[in-house]
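Trainee: Before we look at the side-chain pairs, could you take me through the terms as they come up?

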Amino acid sequence: RVVAEAAERERHHTCAHTHTHAHTHRERGSMAGAIKYTVVVPAYKESGNLEPLITQVFDALRAAGGMDTATELIVVDDNSRDGSEEIVEELAGRGLPCRILVRTDERGLSSAVMRGFDEAQGDALLCMDADLQHPPAKVAELLQALRDGAEFVIGTRYGEGTSISEDWPVHRRVISATARMMARPLTPLSDPMTGFFGIQKAKYKGAKNVNSIGFKICMELYVKAGIRNHREVPFLFGVRNEGESKLTGAVIVHYLLHLKDLYMFRYPVAFPAVVAVGGVFSPHPLWCFLSVPFFVVPPLPGTAWENAPPGQPRSFFIWRA
């Protein structure tokens, strides 16, 4: 009798556990089906910013007609070991639909963004920095643009209705302006350097030969995904409150190499001839490299094409800031 009662209790325990396990899977499946938007936040040593960022993002989405219930947020952390994992898990325990992916075998901003997009449940994908320089209040507007049919959307620091904090260093402004000028023939985006952008999952999945090395994944995806229409949302670019900037000399060099690859992708026929002509006109390899992207751009009215000094590639002067 004792053995029979024990067996009966074990059967009931097993059935209850199976039911609970199945119920949990049904809840997860239901949640996955409800997710329309995914916000990806690449991070390294950003523990001081994560809680205010995540809470502000979901507060803003809630205020925008309840978009918070259809959104997940994924932090992709490059093994910071600064408490970031515990912070995100604590916020998830409070009911916010966020999670963290800690990478121990890979580093880099672009690859982190792509890892988050690959893990996304939503059909509208958004990337933003963890340092609060991208305003959480604008997240809903970017996601809405994707929901309304835009293939690609960016938060832009330039153009009408935008401004940059007066505290942003002058050298960063110069670097940004130069980088935008060099990328102008590749994309109509007013701010191709931005890290605040979104893309439809279908377009992301269709992108070809995406380079996951470097920092400028926005421009990479715009070019490689064959975007035909995009929207731009102006925003005030703030200053970092916590952590340190990731801009280094190595990042700038990677950007130049990145530009070269994108020009080769966009202009596969013209670029080899450009390199040959550039080598003839310029004896200095770095000068030749920097001038190469501008050969593929035809002369435009109001440029200094006619005034190029002898012995230098005239097409270097096509674009002026």
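Mentor: Helices (H or I, at least four residues) and strands (E, at least two) are DSSP runs, numbered from the N terminus. This is a predicted model, where local features need pLDDT of at least 70, side-chain atom pairs count only at pLDDT 80 or more, and totals for chains, interfaces and linings use all residues. Residues are numbered from 1 along each chain as its sequence is written, and side-chain values use heavy atoms, with hydrogens and water left out.

Trainee: Which residue forms a salt bridge with Arg-62?

Mentor: A salt bridge is a side-chain nitrogen of Lys or Arg within 4 Å of a carboxyl oxygen of Asp or Glu. The closest N and O atoms are 2.9 Å apart, and the partner is Asp-59.

Trainee: Is Asp-191 buried or exposed?

Mentor: Buried means under 20% relative accessible area, exposed over 50%, and partly exposed in between (1.4 Å probe, protein chains only). Asp-191 meets Arg-157 in a salt bridge of 2.7 Å, N to O. Arg-157 lies in the loop between strand 5 (152-156) and strand 6 (163-164) and Asp-191 in the loop between helix 6 (170-183) and strand 7 (197-200), so the pair ties together parts that are 34 residues apart in sequence. At 0% relative accessibility, Asp-191 counts as buried.

Trainee: Which residues do salt bridges that share partners join into one network?

Mentor: One of the bridges pairs Arg-94 with Glu-90, with the closest N and O atoms 3.1 Å apart. The network consists of Glu-51, Glu-90 and Arg-94.
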